[in-house]
Amino acid sequence: MKKLLVIILIVSAAATWAGCSDVRRDRGREYMPDMAYSRAYETYDGHEDLKVKNINYNATPVAGTIKRGAMFPFPIPMDKEGDSTNYVAARQVPNPFTTLTEGQAKEAERLYLINCAICHGTALDGNGPLYNGGNGPYPAAPKNLVADPVVSVMPEGQICYSVTYGKGQMGPYASNLRTDQRWMVVKYVKMKQLEKQGGKEPSAGAPTQSQQQAASSGGNQPGGGASGDNPKASGSRTPQPNQ
Amino acid sequence: MQAWSGKKKFFIVDIMLKSCLTFARGRGVFPSLTDILAIMIYQRPIVRKLFCSLFFLFIFSSLNKLSAQDGRALFQTNCASCHNLYKKLTGPALLGFKARGPWADQKQVRAWVHNPVAYMAKDPYTQGLKAEYGSMMQAFPNLGDKDIDAIADYIAKAPAAPGAGGAPGVTGMDPAAAAAQSNDNTLLFGILTLILAVIALILLQVNSNLRKLSDDKEGVPAAEPVPFYRNKAYIYVFTLLLFVVGGYYTIMGAIGLGRTKNYQPTQPIYYSHRVHAGKNQISCLYCHGNAQDGKHANIPSINQCMNCHIAINEYTGSAGKIYSEDGNEVNGTAEIKKIYEYAGWDPQLKKYTKPGKPVEWIKIHALPDHVYFNHSQHVTAGKVQCQTCHGPITEMDEVYQFAELSMGWCINCHRETKVQFASNKFYSIYEKFHNDLKKNPNEAITVEKIGGTECQKCHY
């Protein structure tokens with residue numbers, strides 16, 4: 001009888017041990033965590049208690065300031081909903097990078113592949129793994145950057161506006177890429193577009209018909225396309241790369 | 001033609017067929033090629049009609065297919081950036097658009113697509129659409145009437161629900177089943193060990209009984225039988241075993257205090273790296289871009305999620321069913337809804353209606369404060385892959401801590417990892433090593449050789 005009890009105990013203990021989940025959901029114990037926890041406020045620490053301690057702390061930089069050595073931000077603010085005045089005005093903003101050095105082109109390509117290629121495709125054909133010819137999870141077709149009649153001749157300023165603030169279904173990439181990185185990627189896209197079009201420089205002064213269409217249909221206001229008369233209008237406001 | 005109509009036609013056909021069959025029977029063979037030809041000649045008008053209709057059927061069906069195929073391609077290049085068949089995106093969902101507004105008339109559709117601004121000026125329905133969606137449709141003056149009709153045709157023929165056309169769901173690995181299997185194995189081994197132990201015990205008992213019997217027979221005075229649990233030899237061995245095994249586990253447990261290998265907490269949102277970084281091939285740096293620039297590999301802010309999930313509002317099982325580590329199936333669409341909750345996004349209105357609140361993700365990989373670790377030093381300068389420390393992240397649904405993150409683990413990697421000098425400006429100051437390498441390309445410069453195991457590298 002006693003033996004039977006012992007056997008039953010052992011078997012049930014083994015079953016419990018084997019049936020236990022081996023997923024580790026808790027951190028476990030620690031012994032004397034000497035200098036393990038920072039007394040300073042680390043990244044992602046909550047800093048709500050600073051106010052209680054009467055310590056002034058701004059989580060964001062002072063308005064109107066930029067980091068030393070950083071490029072000036074995109075000069076045109078975002079449009080209000082339903083308006084596209086600034087989107088049209090962005091056509092006049094020149095790219096501070098007139099050309100890319102070999103190293104910059106390589107870096108721009110790397111940034112493009114990380115941030116853009118999942119939708120717009122490694123070949124810029126608008127068929128990245130997220131769209132996958134309509135079979136991917138993304139419901140909207142990303143723009144074909146080299147063959148779309150509007151995008152392939154879009155001025156760099158307007159591309160950069162879309163990258164900075166988002167356009168249509170595309171989200172804003174201002175938090176992914178710094179201003180200089182965005183301009184570099186835009187330049188890279190432009191280079192690829194020109195490559196595809198046989199190295200022809202698009203005439204900056206006279207927008208093509210599709211561009212006018214895009215402007216008028218997007219802007220829906222008579223004054224929208226008129227700013228095309230003076231391409232240098234916003235030149236004084238645009239930044240130069242601090243490099 | 002009229003001569004062929006009515007009963008007369010059937011009568012004549014009947015006569016013809018009968019005569020042919022009798023002819024065939026008379027010759028004792030089944031209708032041969034010549035017979036069939038004879039029928040075809042006699043029945044020329046009918047056969048011609050038959051051939052004509054077959055021919056046109058074939059042409060029509062292939063044309064139909066062609067235009068539908070065209071419609072799909074045209075839809076994808078021109079419309080799909082803003083319109084989906086089933087979902088409201090930048091513009092309305094297009095399935096069944098013919099039943100709405102003035103679109104039953106195809107001429108109106110063409111006029112609208114060619115010049116929406118002009119069309120809207122005198123059409124209240126499209127003015128309402130502009131007010132609802134907040135943006136104006138792009139004009140397509142170059143899209144021909146046939147193209148527009150082909151697109152409309154494609155939309156009209158699309159299945160009523162997405163996936164009805166058959167996008168086969170990928171069946172992923174069932175972690176629950178896998179877990180159950182591994183549990184089964186442990187149980188099996190446990191039972192086997194138990195049985196073997198019982199057999200060994202019985203054999204020992206039998207052995208001692210047999211010895212007692214033989215001793216009795218030979219007249220050797222038998223000592224009082226000692227049960228195995230009072231046998232001194234057994235007790236010694238057992239104590240020694242307990243000391244060694246217990247000592248091992250005690251020491252390992254003590255070393256493991258404060259270490260969190262395999263830690264796998266339940267996160268506020270079930271985010272599957274397998275689906276995102278594995279199936280959908282999103283680069284690690286898309287979300288954790290700070291890893292190349294700073295000390296921390298940042299946790300992406302919620303707008304990073306919204307970049308894609310503004311449009312992707314449901315999980316359709318493209319990467320198979322998803323399970324939590326406990327084996328419960330996870331509803332991906334419900335998890336995406338949680339993002340909207342945190343972001344303050346209203347998926348119906350397609351607007352941010354509430355202030356966002358931060359997702360309080362639970363930190364898994366934590367180093368004590370007395371160690372300095374910098375991601376950019378490893379990712380950018382060292383060119384170390386994320387997976388070296390974070391394991392098979394593209395296969396993890398719920399992330400667990402892959403590496404030990406102990407000092408021994410760090411030092412070991414610093415001793416073994418060869419420094420990548422090639423096309424890496426960061427190490428250009430180590431010119432001596434550079435030249436050594438040029439002389440002897442087989443020589444390996446490890447991280448340790450350039451000071452990677454100095455105390456002050458990480459502790460200061």
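How many residues of chain A are in contact with how many residues of chain B? In this predicted model, local features need pLDDT of at least 70 and side-chain atom pairs count only at pLDDT 80 or more, while totals for chains, interfaces and linings use all residues. Residues are numbered from 1 along each chain as its sequence is written, and chains are lettered from A and ligands numbered from 1 in the order in which they are written.

**View 1. Where chain A meets chain B.** Here 48 residues of chain A are in contact with 56 residues of chain B (contact: C-beta atoms, placed from the backbone, within 7 Å). On the chain A side, α1 (2-19), α4 (102-115) and α8 (209-219) each give two or more residues (helices are DSSP runs of H or I, at least four residues, numbered from the N terminus). Helix α1(A) supplies the largest share, six residues.

**View 2. Two helices crossing in chain B.** Helix α4 (residues 106-114) and helix α7 (residues 145-157) of chain B pack at about 115°, their axes 10 Å apart (axes are lines fitted to C-alpha atoms over the stretch in contact, with angles from 0 to 180 degrees between N-to-C directions). That makes α4(B) roughly perpendicular to α7(B) (65 to 115 degrees). From α4(B) come B:Gln106, B:Val109, B:Arg110 and B:Val113, and they meet B:Asp145, B:Ile148, B:Asp149 and B:Ala152 of α7(B).

**View 3. Confidence along chain B.** The mean pLDDT of chain B is 81, and 80% of its residues reach 70 or more (pLDDT is the predictor's confidence in each residue, from 0 to 100). Take care at residues 23-29 of chain B, where pLDDT stays under 50. Over residues 165-180 of chain B the pLDDT is also below 50.

How values were computed
Contact = placed C-beta atoms within 7 Å. Parallel < 35°, antiparallel > 145°, perpendicular 65-115°, else oblique.
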